[in-house]
Amino acid sequence: MTISVFDLFKIGIGPSSSHTVGPMRAAFLFSARLRDSGVLHRVDSVRCELFGSLGATGHGHGSVPAVVLGLGGEQPHLVDPTTTGPVVAEVRATGALLLAGKHTVRFSPDDDVVLHRTQSLPFHSNGMVFTARDAAGDVVERREYYSVGGGFVLDEDETGRPVLREEDVPVPHPFATGDELVRIARAAGPRISDVVLANEATWRPEQETRARLLHLWAVMRECVERGADTTGVLPGGLRVRRRAAAMRTRLAEDTAARGATDAMDHVALWALAVNEENAAGGRVVTAPTNGAAGIVPAVLHYAALVVPGFSDDDVVRFLLTAGAVGMLFKQNASISGAEVGCQGEVGSACSMAAAGLAELLGGTPEQVENAAEIGIEHNLGLTCDPVGGLVQIPCIERNAVGAVKAITAARIAVRGDGTHHVSLDKAIKTMRETGADMSVKYKETARGGLALNIVEC
């Protein structure tokens, strides 16, 4: 089944697509199920249990508030990040929740959202169980959900097959591998973005696809501006200072003094700004995850600097090409840090951004595929070891480094002829196998690596 570029790029809130966006979506789906099945009025209490990586680092990733908001009828792409704290505080203070926004039930965020730190469900490391009971304590509804990365959520009926779209409609150019994508682009393109745009036309008019992609770009720019204007300390207990605003000031001073600054300094600024916003629970675009949300916007900002006559059409082409590469990771490996480590998040984002930039720099389909391969090859084995279970150290800086790697990968690729020893498909296969071999302590559990060796302040 071909997925859409909008399955990879979603508007949500921080700090995590798998731990915040996913649980909120699952809770919303459960509450909507109760409402739509006509049993909502029977519910007296609700309980949510989080397993695996969700249970291990859910507190630092905002999973508990996300569940509360989702049960109350909020959705990640619509919720106002500035209101989430007060809403959850009111539920905690009153012990009552307006389930699905319609029916009041007994609910305590501290008691009714249970984090199982050492238990997992068999299908995926990010498992959830929601149970609704009536006043007599009898089960009204019980449902399992899985947050499988990038905000994707599967319920228990979908675990035997990859249900990623509401509509399973054949597309004109189906592809499952990088080799297929390049062949199709050569035959039907000439560009990879043309292939993806034609596929997207299966689900909506071309102008709607373009408008939605440009809206994503607007949200990315707004996120950069908020992040680059906001000072202070990030929440969570580590007392991590926000640096993007100070960096912007220093870069402006350097520009005034010398007349120019290094473009890579700005790339780092843009990536830091996004991921500081994400760590603070702000609105971001998953690209393809929240933990790696700064890389694509930073590289797209860079493209706006260096591509002659940069226009809205370039934005569309960049995101379509990046989305094509993201689809390959999603279908053939994983974009979940809890499943394969940070190589699946920062690594896939680096590969996606490198491909998008390579196309805008005039790269052939072969050169674009080469750029994507370079981007992931040099992130293979990257662990996910967030200090304190927070998406801050090393996550924020890792996006800045990943953005620079993506730019380097694209520049190397477009100066070659597209031939290379390691294909993107082989690199993705290697990433999947490496993730399978990786110890669970390096998969977003905060039980190894930096998370173990850095003393929390």
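Which residues have the most contacts inside the largest nonpolar core? The legends below start with that view and then move on to other parts of this predicted model.

**View 1. The largest nonpolar core.** This core has 103 residues, and Phe 9, Val 299, Phe 318 and Leu 319 are the ones with the most contacts inside it. Helix α13 gives the largest share, with 11 residues. Take a moment with Phe 318: leaving aside residues up to four places away in sequence, its contacts are Val 296, Val 299, Leu 300, Ala 353, Gly 356, Leu 357 and Leu 360. There is also a second, separate core of 35 residues, and Val 67, Leu 71, Val 79 and Tyr 145 are among them. In soluble globular proteins, nonpolar side chains tend to be buried together.

**View 2. A nonpolar patch on the surface.** Now for some nonpolar residues on the outside: Leu 305, Val 306 and Leu 361 form a surface patch, and together they have about 230 Å² of accessible area. To find Leu 361, look in the loop between α15 (346–360) and α16 (365–377). Leu 361 counts as partly exposed because its relative accessibility is 33%.

**View 3. A salt bridge between Glu 141 and Arg 33.** Side chains of opposite charge can pair when their charged atoms come close. Here the side chains of Glu 141 and Arg 33 meet in a salt bridge, with 3.5 Å from N to O. Glu 141 sits in strand β7 (residues 139–149) and Arg 33 in helix α2, so this pair links distant parts of the chain, 108 residues apart. Are the two partners buried or exposed? Glu 141 is buried, at 17% relative accessible area, whereas Arg 33 is partly exposed, at 33% relative accessibility.

**View 4. A salt bridge between Arg 106 and Asp 44.** The side chains of these two residues meet with 2.7 Å from N to O. Asp 44 counts as partly exposed, with a relative accessibility of 21%.

**View 5. A salt bridge between two helices.** Asp 313 forms a salt bridge with Arg 210, and their closest N and O atoms are 3.0 Å apart. Asp 313 is in helix α13 (residues 312–332) and Arg 210 is in helix α9 (residues 206–229); the pair links distant parts of the chain, 103 residues apart. At 32% relative accessibility, Asp 313 is partly exposed.

**View 6. A network of salt bridges.** In this view, Arg 143, Asp 155, Glu 156 and Asp 157 are linked in a network of salt bridges. How many salt bridges are counted? The count comes to 21 salt bridges.

View 7. Most residues other than glycine have a negative phi, and most peptide bonds are trans. The bond from Ala 287 to Pro 288, however, is cis, with omega near 0 degrees. You will find Pro 288 in the loop between β9 (283–286) and α12 (295–306). Ile 393 and Pro 394 are also joined by a cis peptide bond, with omega of about 5 degrees. Pro 394 lies in the loop between α16 and α17 (395–414).

**View 8. Positive phi at Ala 100.** Ala 100 is not a glycine, yet its phi is positive, near 60 degrees. The residue lies in the loop between β3 (96–99) and β4. Ala 100 counts as buried because its relative accessible area is 11%, and the cut-off for buried is under 20%.

**View 9. Ser 16 and Glu 444 in contact.** Ser 16 is placed in the loop between β1 (10–13) and α2 (17–36). Which residues does Ser 16 touch, not counting those up to four places away in sequence? They are Val 21, His 61, Asn 278, Asn 290, Val 391 and Glu 444. Glu 444 sits in the loop between α18 (424–437) and α19 (450–453), and has a positive phi of about 60 degrees although it is not a glycine. Ser 16 is buried, at 4% relative accessibility, and Glu 444 is buried too, with a relative accessible area of 4%.

Notes:
Residues numbered from 1 in each chain as written. Predicted model: local features only at pLDDT ≥ 70, side-chain atom pairs only at ≥ 80, totals over all residues. Heavy atoms only, no water. Patch = residues over 30% accessible without salt bridge, like charges linked within 9 Å, V, L, I, M, F, W, Y side chains within 5 Å. Areas by Shrake-Rupley, 256 points an atom, 1.4 Å probe, with all protein chains shown as cover. Salt bridge = Lys/Arg side-chain N within 4 Å of Asp/Glu carboxyl O. Helix = DSSP H or I, 4+ residues; strand = E, 2+ residues; numbered from the N terminus. Buried < 20%, exposed > 50% of the residue type's maximum accessible area, 1.4 Å probe, protein only. Contact = heavy atoms within 4.5 Å. Core = buried A, V, L, I, M, F, W, Y, C linked by side-chain atoms within 4.5 Å.
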